[in-house]
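Trainee: I'd like to learn how to read a structure like this one. Can we go through it together?

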Amino acid sequence: MSVFVPNLCRKKAWEITRADLDRLGVEGLILDVDNTLTRHNHPDVDEKITAWLEEMKGCGVKMAVLSNNSAARVAPFAAKLGLAFEAGAFKPMTGGYHRAAKLLGLSVEKTAVVGDQIFTDIAGGNRAGAKSILVEPFEMERHWGFRLKRWLERPVLRRIQKR
Ligand SMILES: [Mg+2]
């Protein structure tokens, strides 16, 4: 169970503060893309995300993007944000988290993963030794595979909310 429990829950990434990171004891963020920073496969960046990234960069937070999506999707998006990236990451496999931490020049223990999926972003981050921050997805996906995952997440989310 504990591998599915995030260290912190926020509605949207832009609600995460430097004080949150200090409490978690981390200096960097490993950011999921789809449904964390924008809608699934959506090329545009919300102004609130841009402003939040600038604010975090301004207080010395190191950030990189880690996505299971293809480089063709992730590279132009990460370039817009001015962030390094790892695509095709196979989360919840842990290798991508270590590679992303390396991009930041940090040990994985000094990073927190930010993502919208318990069974990929959060479980992988926890297993890799990172801290984990769960955000609500921008929108529910229509593809059956995602809908199944969301349905499976529901009992886990209820248990997290009870804490
Ligand atoms: Mg996602």
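Trainee: Which residues of helix 4 (residues 95-104) are buried?

Mentor: Some ground rules. This is a predicted model, where local features need pLDDT of at least 70 and side-chain atom pairs count only at pLDDT 80 or more, while totals for chains, interfaces and linings use all residues. Residues are numbered from 1 along each chain as its sequence is written, and side-chain values use heavy atoms, leaving out hydrogens and water. Helices (H or I, at least four residues) and strands (E, at least two) are DSSP runs, numbered from the N terminus. Buried means under 20% relative accessible area, exposed over 50%, partly exposed in between (1.4 Å probe, protein chains only). In helix 4, Gly96, Tyr97, Ala100, Ala101 and Leu104 are buried.

Trainee: Why do they line one face of the helix?

Mentor: An α-helix has 3.6 residues a turn, so residues three or four places apart point the same way. Here, the buried residues of helix 4 fall within an arc of 135° seen down its axis, so they line one face. The arc is that of the directions from the helix axis to the C-beta atoms.

Trainee: How many strands does the open sheet have, and in what order?

Mentor: Strands of a sheet pair through backbone hydrogen bonds, either parallel or antiparallel. This open sheet has six, ordered 1-6-5-2-3-4, with parallel pairing. Strand 1 (8-10) and strand 4 are the edge strands, each pairing on one side only. Two strands pair if DSSP finds at least two bridges between them; strand 5 and strand 6 (residues 131-135) have four, in the parallel sense.
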